[in-house]
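Please find below a short note for a colleague who is opening this entry for the first time. The points are numbered so that each can be checked in turn.

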Amino acid sequence: MIPLFPAAGFVLNGLLGPRILPRQAVGYVACGAVLLSFLVSLGAVLALGDVAHLASVPGLAVDAHAHRVTQVLGSWMPMGRSEGGQELSVDWAFALDPLSAVMLLVVTGVGFLIHVYSIGYMGHEPRPAHARFFAYLNLFMAMMLTLVLGASLPVVFVGWEGVGLCSYLLIGFYYDRMFDEKTRMSCADAGRKAFITNRIGDVGFVLGMLTLFGATGTLDIQGILSRVGGLTTGVCTAAALLLFVGACGKSAQIPLYVWLPDAMAGPTPVSALIHAATMVTAGVYVTCRMAPLYLHAPNAMLTVAIVGALTALFAASIGLVQTDIKKVLAYSTVSQLGYMMLAAGVGAFSAAVFHLMTHAFFKALLFLGAGSVIHALSGEQDIRKMGGLSKHTPWTHATFATATLAIAGIVPFAGFFSKDEILWAAFNGSPILWLVGAVTAGLTAFYMCRLYILVFWGEERFSEEARHHLHESPRTMTVPLAALAVLSVVGGWVGIPRAVALTEGMADRFGRYLAPVFEAGEGTHAHVAAHSPGLEITLMFVSLGIAIFGLFLGWVFYERRPDTPARLAERARGLYRLLANKYYVDELYGKIILAPYDALCRWAFLFDKWAVDGIVNAAGYVTLATSYISVGFDTYVVDGLVNTAGYIVRGFSWTFKKLQTGLVQSYATAMVFGIFVLVSVYLLSTGH
């Protein structure tokens, strides 16, 4: 039922919305569908607390030890028999355990707030576009919920591909508009870029899935995970790395991150949905879901950690100089996803999911806040043309400030607890990884402070036309902002570190809730934390100090001495250009991948046009010429002879027809005349 509600909303709004349903009804249908999913999810998660009681429910398979409930809805793909004669098939089945429970509530809860916000944000769209937008949003939710609940890799892959399709549709929603004047990229181009980049990652995902099927004989996730202990390290490493290629595509890790900043081409609620609660979390989710596989592949774990750390630092450095409010947040998302991968790579899977959850709260708030700013300034997105908005948009300002503190990692906001958990785990894995994470934390605090000050403080730099329309957003937009602001504050309190918790019951509730899923990997991490409280508290103060220093530096640069950034950019012109142009990665991809690919396409086109089409056309011309000859021979030779024979027969028949009159008198006269001729000839020949 949980994925079914938004799927029904997609069908209703898709079929009836453009012509029959009133605009208001479209919004109600879309929001109501997600709200129902949230309520049912909440009930399912609460019921999971007494998992033994669910064993008596018909149709449910219960694993009390793992706190997992599985429901098989039917057989999907028969796959023959194994070597041992066992019937192999893939069931259409859903599974609910603590990990999927967290994802369910995040996806439906944050997704519902984004849907409500969209009613106000998209209220000015024409009716068909308005209905199309909400239909796509609902389909996106249905696919993400399918991905989260899938009990087998093929069912997960259905949701995986579904969110990819929906992102393509939503990023290219304004398909006829220009997105980037500099690169001449349209919104449709941005959607295609996201779609194609993700397909590259999907190849790895499919190969990983097939590798696991070949090694274990099943595609059921729990079936695979129960057999990884019997697989060789090489097989586990290969499968884990292939799955991670898919995760790099979905969760925008190096080198497949390039699609995510351009996903800003879609409407702002789409950016919030993709960046906060749904698509980009899919790669992290699958990596954590397959935790036992990664624990049997140390090299794959190290790769995940290194890629995550590099992505976090790389994207954060780009975010320092971006001038589009949404692109700053986009690179911030890439960086925070790197944090999550770093946590997964060092075995702290619950920390990765914890940051996934808190990040969903404050990043959704940041994007919706950015949308509120853009809405207030009549579409302006350049932060150099903003400033002083705090007094014009008080609700947006207050909630945006809350999210800024949360992502910067300031206590007691949600981001502090989850980020500290990751840094602590990274330190236990490798001090170098911790150092990269700590530097990234400082950069995050700096660029978020820069963004906040340039938008809400200082002199007003927007145009007179924007000033004329300047206004706070309607309640449909500010109420979701307020709700997310509350979550951005208290959302991290479920993960208070054991070293500073006042009671054992308060300590790391989130980690304990996920323990049945990650107990193998979390055991090592919890052991280290339990025996090093002093070191953990020290690192906590260090990371907090770094975050405060980053905010202070941002305040000095953009409020106290606003001429400093320009002077630094002038002095380090090369570095500034490198960051402003995003390390020229898009240009590099264009040179080494797209340009050869385009050349290959052009060569293939010419070969097809002149070689393949030439041969085909020549064969056609020869066939046509022979057909003309054949027709001429048939018409003038064969038919001529046949017709001539016919004419001759017809001439004779005409002649003989004159003799065949049917009159007895004529026949008698001819006979008498004939007899006369014969007798005369006879007499003359005999001399009489």
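Between which two helices does the loop that holds P412 lie? P412 is found in the loop between α17 (394-408) and α18, where helices (H or I, at least four residues) and strands (E, at least two) are DSSP runs numbered from the N terminus.

1. This is a predicted model, in which local features need pLDDT of at least 70 and side-chain atom pairs count only at pLDDT 80 or more, while totals for chains, interfaces and linings use all residues. Residues are numbered from 1 along each chain as its sequence is written, and side-chain values use heavy atoms, with hydrogens and water left out.

2. The peptide bond between V411 and P412 is cis, with omega about 5 degrees. A cis bond also leads from I254 to P255, with omega near 5 degrees, and P255 sits in the loop between α9 (233-250) and α10 (259-262).

3. Positive phi values deserve a look in two further loops. S378, which is not a glycine, has phi near 55 degrees and lies in the loop between α16 (349-376) and α17. D508, also not a glycine, has a positive phi of about 45 degrees and belongs to the loop between α21 (475-490) and α22 (509-530). D508 counts as buried because its relative accessibility is 17%, whereas S378 is partly exposed at 47%; buried means under 20% relative accessible area, exposed over 50%, and partly exposed in between (1.4 Å probe, protein chains only).

4. Strands β1 (residues 60-63) and β2 (residues 68-81) run antiparallel and are joined by 4 bridges, where two strands pair if DSSP finds at least two bridges between them. V62 stands opposite V69 in β2. The two strands form a hairpin with 4 residues between them, and H67 in the turn has a positive phi of about 55 degrees.

5. The largest cavity is lined by residues including A408, F416, D420 and S543. A cavity is a set of points, on a 1 Å grid over the protein atoms alone, where a 1.4 Å probe fits but cannot get out, and lining residues have an atom within 4 Å of a point. At least two lining residues come from each of α18 (414-429) and α23 (533-560), and α18 gives the largest share, 4 residues.

6. V612 lies in helix α26 (residues 585-659). V612 counts as partly exposed because its relative accessibility is 34%.

Note on methods. 1 Å grid on protein atoms, 1.4 Å probe; cavity = no way out; pocket = protein on both sides within 12 Å on 5 of 7 lines; lining within 4 Å.
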